[in-house]
Every structure is written in structure tokens, then in C-alpha cells.
Amino acid sequence: MALLQIAEPGRAVAPHQHRLAAGIDLGTTNSLVATVQSAVTRALPDEAGRNLLPSVVRYLPEGGTVVGHEAQASQAEDPQNTIVSVKRFMGRSLSDLSEATGLPYRFTDGAGMVGIQTAAGERSPVQVSADILSALRVRAEASLGGPLAGVVITVPAYFDDAQRQATKDAARLAGLTVLRLLNEPTAAAIAYGLDKAAEGTFVVYDLGGGTFDVSVLRLTRGIFEVLSTGGDSALGGDDFDRAIAEWFCARHGIAGVAALAPVAQRTLLTAARAAKEALSSHESTSLALSRTEGDALQAILSRAEFARLGAPLIARTLSATKRALRDARLSTADITGVVLVGGSTRMPIARSAVKDHFGVEPLADIDPDQVVALGAAMQADVLAGNGSGDGWLLLDVCPLSLGIETMGGLVEKIIPRNSTLPTARAQEFTTFKDGQTAMTLHVVQGEREAVADCRSLARFELRGIPPAVAGAVHVRVSFQIDADGLLSVTAREQGTGIEAHIEVKPTYGLGDTQIAAMLQDAIGASAADMQLRALREAQLDARRLLDATETALQEDGALLSETEMGTIRQALFAVADRLETEAPVTELREATSALSAATDAFAARRMNASIQHALAGRSMDSLA
Amino acid sequence: MHVSLTPAAARHVEKSLAKRGSGIGLRLAVKTSGCSGFAYALEFVDTVNPDDHCFDNHGTKVIVDAKSLAMLDGTELDFVREGLNEGFKFNNPNAKANCGCGESFAV
């Protein structure tokens with residue numbers, strides 16, 4: 001028997017129509033699952049009422065798997081088989097892992113991704129993540145009373161394609177249908193933006209267990225625009241633990257954490273984390289390490305000392321924050337508010353650093369551990385089709401502008417960079433030549449003005465355009481990107497309705513680094529691009545005028561005297577010559593206006609001639 | 001004609017109303033849908049309509065429209081916890097058959 005929940009008036013859902021959906025924050029240190037039930041979003045606790053599931057998996061020799069608190073408790077006694085912070089290894093090969101030496105695991109160089117040798121055999125980070133996701137799935141299905149139709153899983157904004165794909169694979173392995181992957185700061189913005197209908201420009205400062213992400217978002221009436229993102233995929237609460245552990249070792253004359261036995265390493269890091277958490281509410285705390293050698297080491301850590309230890313790490317978060325602001329062309333004064341996300345933002349040193357930097361009290365009313373999962377749950381609810389039809393559906397942004405090639409090798413941008421998805425935009429184009437019956441559409445992606453500098457995505461042709469004079473045909477080109485980032489381009493001739501269509505996947509093969517490089521390129525080259533654009537446009541104008549003049553001379557050359565014809569021809573050659581030699585913009589423009597002036601009288605005469613022709617043989621009466 | 005709440009259900013309704021911050025009670029209704037013909041609906045009440053019947057249970061107002069009342073007469077609404085899942089359960093003497101999922105019923 002299904003159990004019912006109270007709904008808002010008029011919002012009761014018909015049976016079998018509410019699809020169970022959940023948002024999952026698959027974190028480095030902790031993971032959690034949340035859902036929307038009868039318009040209330042909440043995290044789903046386990047039997048003991050705990051929301052957070054430590055992202056820790058322990059593999060037992062007899063093949064059993066333990067996930068969460070229990071596994072975390074055995075970290076110290078069985079460090080080699082207890083995998084923590086597995087998110088750091090997702091989609092990474094052994095050579096990518098600089099910190100691998102400081103960890104107690106037996107790494108193997110797996111195919112494309114690092115592997116970890118455990119008591120239960122070799123496990124890839126994808127399998128470990130899948131075990132965490134399975135635990136969350138079991139919890140959600142028990143709470144909601146049925147199988148999940150789909151989930152939204154959050155990932156750091158900086159995850160590249162390999163890491164995102166690894167996350168998707170883990171979900172599939174755990175038997176989950178991924179509705180979509182959502183950037184963590186975007187999820188936090190959803191949780192805040194919709195609950196409070198805030199407007200303004202916000203910075204999302206997300207200091208989690210293992211990653212730091214900063215994003216600049218503009219919120220207007222429920223519509224989010226991501227202005228820029230930045231961060232450091234190897235900086236988080238774990239590093240503060242490590243800093244404390246290293247400090248502890250230095251005080252006791254130990255060469256470093258790596259010099260300790262694996263069990264002692266874990267014990268010390270666990271103690272360091274406990275000390276860090278204690279310092280959020282106490283002025284000082286003690287931490288101890290009993291070693292197998294029999295001696296017990298102890299130290300007292302004060303908040304001031306911890307602030308000194310953490311200062312370089314906090315400074316790294318602030319420099320990434322400044323970079324993100326620069327990318328968005330904003331200063332701290334433009335920022336309405338700062339949203340704190342991630343358990344590490346509970347540290348007073350992080351809060352005060354953010355507050356001092358922006359001069360505003362950061363927003364932290366939603367539990368910083370839950371805010372991402374709550375936002376993901378709201379998104380999952382909408383994507384599963386449970387939305388009330390209010391129509392908000394922030395998904396993602398397209399990282400680079402999309403457009404088509406126009407005459408002269410220029411790009412006409414149709415969907416600008418950072419447009420929220422899904423999106424659709426259309427623009428009208430026309431034919432360039434008289435009697436043109438086909439049009440080639442070249443879809444490109446990038447910020448540069450010249451096609452050659454952008455990335456070519458696809459090419460297709462619209463055929464069967466009825467012959468007409470140049471400019472008389474209207475071809476409507478529509479770009480549409482759906483929720484999954486799939487781009488489809490349609491060209492439709494408005495008069496006859498003939499259509500051509502193509503689908504492309506724009507992010508295919510474009511890694512984050514490539515996107516960053518292309519953006520960098522565009523910013524650096526914008527001045528040169530403007531000049532190039534001016535030149536290409538002048539060349540187009542010139543060519544159009546040449547074509548028109550030549551056609552006119554052919555048809556009505558008889559209207560001109562020998563000398564008149566000579567002058568026009570001369571001007572015509574001047575323009576053609578400058579086009580041929582790629583003359584500078586100013587020279588080309590001069591020649592073009594000279595030709596235009598030379599043909600003014602001719603154009604007027606042609607007009608008169610055609611009117612006379614039309615009127616010939618009619619009496620005044622018939623015209624009245 | 002009567003529709004009642006168990007004390008546990010009344011407590012949960014009061015708690016939900018307090019959390020919501022507004023609303024005068026709980027509406028029970030029957031809608032024609034679902035695999036067995038009818039389905040229950042539970043909603044917060046902001047306005048009472050002329051054809052509504054109002055029942056008082058442990059200080060909590062239960063509002064039922066006239067049409068639904070015919071099918072809900074004698075129903076007791078309970079609030080139960082089943083494992084990790086908790087929610088309201090209808091004990092309706094009029095229901096002759098429930099569908100497997102329990103979300104809809106037949107009279």
C-alpha cells in the first residue's frame with residue numbers, strides 16, 4: 001500500500017504519474033541523496049537519521065562491501081582496503097595523480113584509469129563510486145517506496161569529459177538512470193535562486209572535501225546565466241587535514257605523513273579532520289597519535305595556528321575566485337552575494353576570508369552540505385516530468401558560441417556563448433547571387449570572427465531554392481540545443497517551405513582545456529578579428545555592387561553614351577582590381593563609393609526607362 | 001457521515017501546517033483516475049467551498065467535498081511509518097478493491 005503525502009491545493013498528483021526522482025551529490029568526502037515530495041525538497045536520511053553518507057567503501061577479503069559510516073570507522077585499521085576520496089581518481093590515469101605517493105593504496109595502472117588493488121580484487125574508481133551510488137539508491141528507494149525513474153548527479157564544474165563519463169558509467173553500474181549531470185555550483189544556485197527568488201550576480205564558493213569550485217552566476221527571475229567558472233580540482237578539506245597532519249609530524253620530528261605506516265597515516269588524518277571540525281566551534285583542540293612502536297604523540301592546535309596553516313590554501317581559493325571574476329569582467333563591487341557550499345565552508349577561516357574579500361556576509365542559510373543535493377533533486381523532479389509547468393529548467397550553458405559561416409568566411413553567431421540550455425534561436429539569411437538555388441550551411445563553434453579560427457561542426461546544404469534575384473529569398477536558419485546538449489540546425493526557405501536539417505553534438509571531442517584555449521584565443525585576438533570583419537564586409541559590399549553593375553550594363557547598356565560607359569567601366573575595374581589584390585579596407589571602400597557614385601545617373605535612367613516601358617501605350621485615363 | 005483522523009495523522013497534519021505557515025486544514029478528496037477507477041488526494045486547505053463538509057478531529061479540521069464524501073464516509077486516515085517510508089494511509093470501508101500499488105481503489 002503506497003503511503004500518501006499532503007500536497008499544495010490543486011497540486012495533488014494523479015496515481016502512477018508521479019515518477020520518483022532524486023538528486024545525488026556524489027562528493028569527495030560525503031555523498032547524499034535528496035528528493036522532492038509534494039513540493040517539499042529534503043535530503044533522505046538513513047535508518048539512524050543521518051543525511052550524509054561518507055564516500056568511503058571498504059572491501060572485505062570474503063568479497064563483502066561496506067559503504068559509509070561503518071567503512072569510515074575501519075579506515076584506520078584497514079587503510080589499504082578502505083577507499084576514501086575516490087572521486088579524485090575518477091577518469092584519471094596513474095600518471096595524472098601527483099599525490100598518489102602520499103596515499104596508502106596499492107595503485108595499478110588500469111586501462112585509461114588507475115586501479116586499486118584491494119582484498120576483494122582490483123577495483124576501478126568507477127566501481128568504487130558505483131558502490132556509493134548503490135547505497136544511496138537503496139536508501140532512496142526504501143524511503144520513497146519504489147524504484148527511481150531517474151537521478152541527477154552533480155559533478156564539479158571543472159570535471160572534464162573523461163571524469164564526467166566515468167561518473168555516468170558508475171551510475172549505470174549502480175543501476176541508475178542518469179537524467180543528467182549537473183555542475184555543483186549550478187545546483188546550489190537552483191536551491192537558492194528558486195527558494196528565495198533572488199536577483200543579482202552571485203558567486204558560488206564551493207569548498208568541498210576534495211575540490212574547490214567557484215562560479216559567477218547571474219540570477220534574474222529564476223533564469224540563471226553562468227558568467228564564468230573557475231576553481232582547483234585538487235584543493236579541498238582533505239588538504240586542510242593534510243596540512244594539520246604535516247604540522248603534527250613536523251612538531252614531533254617525523255619526516256612527513258608519507259613516512260608513517262599506512263595505519264598511522266589514516267589515524268593521523270582522521271584525528272586531523274576531527275581537530276579541524278572541532279576548531280569550527282572551539283578556540284583550540286588537541287590531537288593524539290598512538291603508534292605501534294608504543295609511544296603516544298600529542299599536540300594542541302589553536303585556531304590561530306590553524307589559520308596560519310590554512311592561509312596558503314585559502315589564498316589559493318581566493319586567487320581562483322579573482323580569476324573567475326576577471327573572466328566575467330566583474331569586480332567584487334558587482335557581486336550581490338556569495339553562496340557558500342561544501343562542508344569546508346563551515347571553517348571560520350574560510351567564511352571570514354570570503355567575507356573580507358567581498359565585503360558582504362556570505363549566504364549560508366541552506367545547509368552547505370545539502371544545498372547541492374537539494375538543487376539536484378529539484379532539477380531531477382522537473383526532468384522526470386513532475387514539474388508543475390512553471391517552466392524553469394536551468395540545465396547548463398553552451399560553453400562556446402554557435403553560428404554559421406556567411407559569405408567571406410565570417411561567422412554569424414546564432415547562439416551566443418553561455419546561453420542556458422535548452423535554447424533555440426533563429427535568424428534569416430538570404431541568397432547572395434541572382435538565381436542562386438542552393439545554400440551551403442556550415443555550422444561552427446567558437447568566439448572568433450573568422451570561420452578558419454573556429455571549430456567546424458557540420459556542413460549541410462539547402463537545395464531547391466526557387467531562382468530569384470539576390471536578397472529576395474528568405475531562408476530561416478534555426479539552431480536548437482536540447483537538454484542533453486544535442487544541437488540541431490534547420491534551414492527553411494520561407495516561400496516554398498523546403499527544409500534541410502542536421503544534428504550535431506557540439507561538445508563532442510572538445511575538452512574543457514580546449515574550450516578554455518579557444519576562449520583565451522578569442523579574447524587575445526578580438527582587435528585583429530574586428531579588422532578582419534571590417535575588411536570582409538567591405539569586400540562583400542564591393543562584390544555585390546560589381547555583380548549588380550555588370551548585370552545592369554548587360555541589360556541596359558544601350559542607355560549609356562560611350563563616355564559614360566567608359567567612366568563606369570573604369571570605376572568597375574578599379575573595384576575589381578582592389579578586390580583582387582586584397583587592398584586595405586579604406587582603399588576598397590573608396591573605390592566602391594566611386595563606383596556607386598559613377599552609376600547613380602545610370603540607375604536613375606534605368607528606372608525612368610522601365611517606368612516608360614511600363615506606361616507605353618496606355619492612356620492617362622487607364623492610369624487614373 | 002463522518003471522516004476521521006487517527007491521533008498520529010492529526011499530529012502530522014498540524015506539524016505540516018505549522019511548517020507551511022498557512023492553511024486551515026486538510027482536504028481529503030476522491031478523484032476519478034488511476035488503475036482501479038478512483039484515487040485519493042490529500043491537499044492543504046486555503047479556502048473552503050460552499051459544498052464542503054468540515055469535520056473536526058483532535059482539533060484538526062478535515063474538509064471533504066460533497067461528492068467525495070459519498071465515497072469516503074467512514075474512512076479513517078492514519079499516519080504510518082513503514083521502514084524508511086512514512087505517509088498517510090486510508091482505511092476506507094467503501095473500497096471494495098485496491099490496486100496493487102494502493103494508490104487507487106474501486107467502490
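Trainee: How are residues and chains labelled, and which pLDDT cut-offs apply?
Mentor: Residues are numbered from 1 along each chain as its sequence is written, while chains are lettered from A and ligands numbered from 1 in the order in which they are written. In this predicted model local features need pLDDT of at least 70, side-chain atom pairs count only at pLDDT 80 or more, and totals for chains, interfaces and linings use all residues.

Trainee: At what angle do the axes of H5 and H6 of chain A cross?
Mentor: Helix H5 (residues 237–251) and helix H6 (residues 262–278) of chain A cross at roughly 110°, their axes coming within 8 Å. Helices (H or I, at least four residues) and strands (E, at least two) are DSSP runs, numbered from the N terminus. Axes are lines fitted to C-alpha atoms, for helices over the stretch in contact, with angles from 0 to 180 degrees between N-to-C directions.

Trainee: Which residues make the contact?
Mentor: Among them are A:Phe240 and A:Ile244 of H5(A), with A:Leu268 and A:Ala272 of H6(A). Contact requires C-beta atoms, placed from the backbone, within 7 Å.

Trainee: Now the sheet in chain A: what is the strand order?
Mentor: The order is E6-E5-E7, an open sheet with antiparallel pairing. Two strands pair if DSSP finds at least two bridges between them. E6 (65–67) and E7 (82–84) are the edge strands.

Trainee: Which helix lies across these strands?
Mentor: Helix H2 (residues 125–144) of chain A does, running at about 65° to E6(A).

Trainee: In chain B, how many bridges join E4 to E5?
Mentor: 6 bridges join these antiparallel strands, and B:Phe55 stands opposite B:Val62. Within their hairpin, B:His58 has a positive phi near 50°.

Technical notes
Contact = placed C-beta atoms within 7 Å.
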